[in-house]
Each structure stands twice: as C-alpha cells, then as structure tokens.
Amino acid sequence: MSSSEGLTSARLARRRRGRWAERLIETILFLAALASVFTTLGIVYVLVSESVAFFRHVPVWDFLTDTQWTPLFDDAHFGIVVLLSGTLTSSFVALAIAIPLGTTIAIYLSEFAPFKLREVAKPFLELLGGIPTIVYGYFALLFVTPLLQRVYPELPGFNLLSAGLVMGIMIIPYVSSISEDAMRAVPMSLREGSYAMGATRFQTATKVVVPAALSGLASAYILGISRAVGETMILAVAAGMQPNLTFNPLEPAATITAFIVQVALGDLPHGSIGYQTIFAAGLTLFLLTLAFNVLGHVLRRRFREAY
Amino acid sequence: MKQDEVRQIRELIARHKRRDFGFGLVGLACLLIGVLTFTALFVDMAIKGVPRLDWDFFTSFPSRRAGQAGILSAWVGSTLVMLVTAAVAVPLGVAAGVYLEEYARKNWVTDVIEINITNLAGVPSIVYGLLALGLFVYAFGLGQSILAAGLTLALLILPVVIVATREAIRSIPQSIREGAYALGATQWQTVKDHILPYAAPGILTGVIIGMARAIGETAPVITIGALTFIAFLPPSPLEGNPVRVAVLAVHRDADPDVQLDLAA
C-alpha cells in the first residue's frame, strides 16, 4: 500500500516537472518564432530613425521632386526621382523579358511538356534562380554588353539594357514557378470539359486554364517586380553608378540599390548626411517592395482559396 | 455542299493543330533560352576562369598584381561567416518552424508571425545590409566583423529555413503523432523523437538552399563594409573587434565567381 502510494506520488512529481519543462520548451520555441517579428521591427526602426534624421536636413518635398541626385557634392541635391528612374527602367526591361518568357514556360510546362521533360526542366530553372547575383552582374558586364555592342556599337560599357536583360533571365524562375503552381491548381475537370468540346491544348491553355489562374499569374508578376526593384548586384556591376535621370535603357544610370552599394563601398562617417541618405533610399526601396509583396500575397491567397 | 463543310472543318482543325504545335515549339524555345543563358554563363566563366584556377589561387592573398592574386582571405572569411550563419539560422529557423506547425494556436499572434515571415522573404537583401549597418555595426558595437556579417546572413536566410521546416513537418502523417501520444509521450517528446527525425531530410534541403543563397549573397555584406582589400587572416574573429572580411574579391575578373559557382 505505502510503496504503491510512494510510486504514485513520485510519478505525479515527475509529471508535474515534465509539464513545467513542456511549458518552458514551448516558450523557447515561441521566442524563436518571434525572432522574425523582431527582425522586421529592427528593419523598420533602423530605416525610420535614420530617415527622420535625414528629413530634418532635407525637406520631404525636395526629396520627392528634385531632379538632381548629388548627395556627396558640396552643392547637394536629393531627388530620389533620379534613382527611381534607373530602378524603374531596369525593372521594366527585366519584366519585358521575364513576364512573356516566364508565362510561356509555365504554360508549356504545365499543359504541354511530357512528364520527363518537366522533371528535368524544373530543377534546372531553379538552378538559374540560385546563381549568385554578383555572378550575373559580371555576366552582364563582360558577356552580354560586348554582345550587344556588336549589334549596336554606340552602346556604353555600362547600361541599363544588358543589366535589365540579365535580371530578366534571373527572374524567369520566380515568375514561371509561381505561375505554374497557379495553373496546376486549376481543377482537372475544367480542362476535361474543354477537351471534351474538341479544344486543342493551346485553346484550353489560353481560354480556360490561364483565365482561371489569372490572380495567381498576377501575383507571380508582382512578386517578380518586387524582385527586380530590390535587385542590387547586377545593377551595381553592370549598369554603372552615375545618377542619371533617364528612361532610356541604352544609357548608364544608378538605381536605388546601386547607390546604397556605392556609398557603402566608401567609408562614410556614422551620423553624417551621406550616411543617413542611404537609409532614406533604403526606406523608399523597402516601402516600394513591401507594397508589391503585400499585393502579390493577397492575390496569391485568393487563387489558393478559389477552389 | 456537304463535302465543302467537311473540308472547312478539316481546315479549321488543321489550323488549330498547327497553332497547338507552334506553341509547343515556342514553349520549348523559351525553355532553351534559359538553358542557353546558363550554358553561356558557365562556359564564359570557365574559359576565363579555369586557366587561373590552381592551387596558388586558393592559397595566396589578394594582390595588386592580378597575376599573383589569390582568394585565401576571401574563402577563409566566407567559411567563417557561413559557420556563424549556420549556427544562428538553423536552430532559430527550425525552432520557429516547429512552433508554427506543432504548437501555435490559431490566433492573431500566429497570424502576425506568419505574415511577417512571408514579408521578410520578399525584403531586398540590401535592406538587410542597412539593418546590419545600423543595428549590429553601430548600435550593438559589433563593428565590421565576421560576427556581424554572419548574423546578417542568418536573418536573411531565416525565412527559407522556416518555410522548409514547416513544409517538411506538414508532410508527416498525423498517425505518427497519434501513435506517440497514445504511448503517453508528451508534446515535446513527440516532436523530439518523431517529428524532427522524420522531417530531417526536408529541413536539411532547406538549410542547404539557404546556405547556398547566403554564400552567394554580396550586397548585405558590402554595406557592413566587409569588402575591403585585406591581405591577412582574421586573428580572432568572434571577439567583435573591427576585423574586416573580404567575403568576395570582386575586384578581379570573374575567377572568384567560378569558385563560388562550383561551390554552390
């Protein structure tokens, strides 16, 4: 009797200890999950606090409307439009490549390609997206630009065109894999219905599958845009670092990201206006990509819940 | 009359079939553009890089003279940074993934964490560099050290590790958990003895993908100020003294990239 009682209480004590340990472990895991929230808070805090210091020197209105970007000269001008023009132009070139190619590849892989080809092609495309972007940058500068110069000899050594083209190739995997997922999510019965009406694969793809997967495709494009806007090393290496208010892809121009790299490569004293400038530029970039990302995820969630 | 209609229909079908076939070719061509680019990139680098790839290249320091330049300090720096990254990102990422899949209740806190992770995955890497510059280098006083670079890259690949962990855990059948609970295991015992071993291959894949990305990532490390011409090995990297790491000797021709690519 007494021995069994002792056994029970010992077991109870162990269980109580166990329960306490369980709570502790859960708390530790929860804190680990919270780390990501702290990362975001850290990013926002750093960007905003330095930007506030920046905007104390430079009025917001000047920042948005000035057409010169010369933050490191004596006669300093801070017109983000200049950097934005480089970013938008290069992104536009990249998307002009990535969206048609990525969509076609996605349609082909999802609706046309034989199973074996798909099994080979998908990892290969992912490989294309996994190459370090600095490698792409040198590829654009040392291979694509000379190639383009053969066709168009006046092209300067640094230009937005070759950087944008290579960036487009880099983004293809992102666009194609999300688009393909979206098309795969379209139920088979819709395709079968279309085939039963005598449609070809091409007709089924363009008239049934693509419209059904449209919000997924849109999300793929938007995430591609956000990728292009935030891309750094390709542009820093191949598009030059000269701020230039232009929408002509044949000219060299600095982007927001290239500017940050340029400043960071030099040694700027902590707290100087030049140091704060990169945070203001970073904040612009962060807000831009955040807007695109949120939009993309909203659309993506919608296509996931559609069926 | 009837034959005419039949002929028209046949023509229509033939036209659509041609279009169908045509699109197949276009699709294949688009795929080939990707393949060709990759081949061109690889061959271009190999032609320019391989003649310079010898033992000395890996064992000598960067030099002003291109002929003698090596990447010793670069790869030593990269390796140390990767060690820090792995040591931080793997435990943190796996723990977060386990929490979200196994423990998290459905409430707004969980929602906030999840939205956060998807957003973090889309933040440009240069912004992480700015975070590191403002927070690690100046606010925490880590200086331009291997530790700061490693922590930055760890935060950068955290979403990758978390997502991979969650997907690996999600594919484990519920019956495994039920079996463990039926034998009286606690939740943590179930996770530790059943969930994690089963999910290990998937988690490992995610970790490798994340590390490959971290090795190739240049922008955030540049903002910390690590890309400097140095010709010595870091004496004591983890003490946070202002030791500079040449993570990538990008000033040379494409050679370091070849090595990177082979590694990745």
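Predicted model: local features only at pLDDT ≥ 70, side-chain atom pairs only at ≥ 80, totals over all residues.
1. Helix pair, geometry. In chain A, helix H4 spans residues 115-130 and helix H6 spans residues 160-184. The two pack with their axes 7 Å apart, at an angle of about 135°. That angle makes H4(A) oblique to H6(A). The cut-off matters here: only angles over 145 degrees count as roughly antiparallel, and 65 to 115 as roughly perpendicular. The crossing of H4(A) past H6(A) is left-handed.

2. Helix pair, residues. H4(A) contributes A:Arg118, A:Lys122, A:Leu125, A:Leu128 and A:Gly129. From H6(A), the residues they meet include A:Ile169, A:Met170, A:Ile172, A:Pro173 and A:Tyr174. A:Ser176, A:Glu180, A:Asp181 and A:Arg184 of H6(A) also take part. By class, this contact has seven nonpolar, two polar and five charged residues.

3. Chain interface, extent. Contact between the chains involves 65 residues of chain B and 68 residues of chain A. Together they bury about 6,100 Å². Carbon and sulfur atoms account for 77% of that area.

4. Which three residues supply more than any other three of the area that chain B buries against chain A? They are B:Phe23, B:Leu31 and B:Leu130, which supply 10% of it.

5. Chain interface, charges. Two salt bridges are counted between chain B and chain A. A salt bridge joins the side chains of B:Asp20 and A:Arg201, at 3.3 Å from N to O.

Terms used. Residues numbered from 1 in each chain as written. Chains lettered and ligands numbered in written order. Heavy atoms only, no water. Axes fitted to C-alpha atoms, helices over the stretch in contact; angles between N-to-C directions. Helix = DSSP H or I, 4+ residues; strand = E, 2+ residues; numbered from the N terminus. Parallel < 35°, antiparallel > 145°, perpendicular 65-115°, else oblique. Left-handed = near helix turned anticlockwise from the far one by under 90°. Contact = heavy atoms within 4.5 Å. Nonpolar A, V, L, I, M, F, W, Y, C, P; charged D, E, K, R; others polar. Buried area = accessible area lost by both parts, 1.4 Å probe. Salt bridge = Lys/Arg side-chain N within 4 Å of Asp/Glu carboxyl O.
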